[in-house]
Amino acid sequence: MDWLNDIANLTNSTFVFTTALIFGAMGGLFSERSGVFNIGLEGMMTGGAFGAAIATYYAENAGYGWVSPWIGILAGIACGVLFSLLLAYTTVTLKANQAIVGVVINILAVAITLYLVKVIFDGAGDTETLKEVLKKWPVPLLSDIPFLGQALFNTYPTTYIAYLLIPISAYLLYKTPFGLRLRSVGEHPGAADTVGINVIKYRYIGVIISGVLAGIGGAAIALTTTSNFSHTTVSGQGFIALAAMIFGRWNPWGVLGATFFFGMAQALRNFVKLYDWSKDIPMEFLYMLPYLLTLLVLAGAVGKGVKGPAAAGEAYDPSKR
Amino acid sequence: MSDNQSVKKWSRIFVANNIWVPIIAIVLGLICGAIVMWIGGFNAMEAYQALFDKVFGSKYDIGETIRTITPLLFTGLSVGFAFRAGLFNIGADGQLIMGMTGATIVGVKIDFLPWIVHAPLTVICGMLIGGLWGALAGYLKSSRGVNEVISCIMLNWIALYLSNYLIRTVVLKPGTQRSETIQESASMSIGWLSTFMDNARMDWGIVIGLICTSLFYIILWRTKQGYELRAVGFNPEAARFSGINVPKNMLKSMMIAGMFAGLGGVFEVLGVFHYQVISAASAGYGFDGIAVALLGGNHPVGILLSSILFGVLTYGSAGMNFSASVPTEIVRIVIGCIIFFVASQGLIQMLYKPFMARREAKRKEAA
């Protein structure tokens, strides 16, 4: 039954990688559903990872013990929100180009966080290794189920939150008035406006939720997989999350499938390294996979072609209604 | 929103009619940088002083600054050219990487040609591969309706890993993480100029870059093809009604944009490093190219000037780090702020509109 254990372990580490992607992709989803194209996910996640690492570092030195990583997560959220407000203000209020502001956020977030790390840690390119990071927390009873328990119910608290995030978001988006309004603002802001929905307000909400989730996603990476913050902590996860959101067709359940798949690709990379035969596999193709699949899906080569929310990418201008 | 509206909107943002916006953006960007340095406990004036001392300190530094400017000029032209046709080429990064890889492979593998044939051949191969990579995004946009921003982001990463794979399997120097050195016959370095500039890495890249800058102007404003491209950029719907083949023009503009970016990569390999390394992340020239094009108002002269500015900032950051011990990231922050201010022109307009209005009122009074 060795291979079953292997699969359970692989699934377990897949979900660890998936966690950050779920948060990132759901962040992107809320923003794009409200009509704001969020390329800045990578930057928001970098901000989240940075905030979490720094706050946890100070909290653990101040003797907060196991509470420290949770303070870290709150700080990560704050940093994510800060960048999302930048995106919201410039693109929704000032009607700046969303793609460009997204690129700017990516450039600024990476530069500012690394700059601050160097200032705080006297020129070192990464924070010191955190001692009080999140620990794996087995769910009582459920984790005792053979294989399945190891695969699903013996993992980090952030991963459990990520599991819950999907159904909650699906409910919020599709079963509540709030979700209907948020989606309508992203599909046809003019029509939404005429029936009295405050387009500006809902877009702000969408983008801020995006910042919150991306911040948690970044924090999850810093507090579970890397235990510190450096320029490689996020390195492209935001873009994979963006790809997962598209691959999941802007739908929470689709996102779950896509992130699991892409998380698996990441876990597999670390997993097969343990074996000798893996030397012959061109790893580059495994790295490439999320992006390649996303392109194929978009081009309609896999399934039918998909389009995102109709109004995503365009600032709302009431005078053009 | 329809696709066309967005294109219209973009061209309006990018074709900056106002010279004040970039200038105010540069000043504000530098001020933001100073504030960030002040927060970090550094002396901003000293740091900026160190930056300029570094850049204009010696012949070697001037030469190396020109080397830094070259890829920025190429990616700036690339992004700017696509903008003119209403497309946002965020994929200059990937196109540059593919250009590098093409040049590396042709430069290493072919070893029987004289310089006069081999060097131009290598340049053209790299350029074409970059162009094809751009055309791929153009094809996805024009025939499949895939938003070029998304496809370009994906293509950037695919290019990075594909290039790593090709270097590792085709031209790897055994025991290292980089390719073999290119053949002497493919080198685009200018030996005598390098000697004159105290061994700065001088190459033909900047010359070709200047030629491309003029070509940028000639193609767009002096040919029928360029007229069509710009018409598509201004208003694709109107262009279609007047009989212009919009998809074909999108494809062409992305192809040419890709060729510009590819050339940037070609000269990084043939002129500067003479090999390509396997890297985990891209150098980010493509994203700097967005900054260059945006600040330069997508005009060839503007692009040239802003590539010089960003080249100076980037190269000078090493000096800031050395003599004022400011982390080099500060320059990325300044560049980010500058694009931010150009992109959100609303902010700048809020600043200068009151002045303009007063001047306007005075003029009316006088008349």
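Me: What do buried and exposed stand for here?
Reply: Buried means a relative accessible area under 20%, exposed means over 50%, and partly exposed is in between, using a 1.4 Å probe and protein chains only. This is a predicted model, where local features need pLDDT of at least 70, side-chain atom pairs count only at pLDDT 80 or more, and totals for chains, interfaces and linings use all residues. Residues are numbered from 1 along each chain as its sequence is written, chains are lettered from A and ligands numbered from 1 in the order in which they are written, and side-chain values use heavy atoms, with hydrogens and water left out.

Me: Why does A:Arg33 count as buried?
Reply: A:Arg33 has 11% relative accessibility, and the limit for buried is under 20%, so A:Arg33 counts as buried.

Me: What makes A:Arg33 and A:Glu187 a salt bridge?
Reply: A salt bridge needs a side-chain nitrogen of Lys or Arg within 4 Å of a carboxyl oxygen of Asp or Glu. The closest N and O atoms of A:Arg33 and A:Glu187 are 3.7 Å apart, and they form a salt bridge. The pair links helix H1 (residues 2-33) of chain A to helix H7 (residues 177-187) of chain A, 154 residues apart; helices are DSSP runs of H or I with at least four residues, strands are runs of E with at least two, and both are numbered from the N terminus.

Me: Why is A:Glu187 called partly exposed?
Reply: Its value is 35% relative accessibility, so A:Glu187 counts as partly exposed.

Me: Which salt bridge joins two chains, and why?
Reply: The side chains of A:Glu284 and B:Arg168 meet at 2.8 Å, N to O. A:Glu284 lies in helix H12 of chain A and B:Arg168 in helix H7 of chain B, so the pair joins two chains. A:Glu284 is buried at 8%, whereas B:Arg168 is partly exposed at 33%.

Me: How many aromatic pairs are there over all chains?
Reply: The whole structure has 26. Rings of Phe, Tyr and Trp (its six-membered ring) pair if their centres lie within 6.5 Å; planes under 30 degrees apart are stacked, over 60 edge-to-face, and the rest tilted.

Me: Why is the pair of A:Phe285 and B:Tyr165 edge-to-face?
Reply: Their centres are 4.7 Å apart and their planes stand at 65°, so the pair is edge-to-face.

Me: What makes B:Phe74 and B:Phe267 stacked?
Reply: Their planes are at 10° and their centres 5.9 Å apart, so they are stacked. B:Phe74 and B:Phe267 are both buried.
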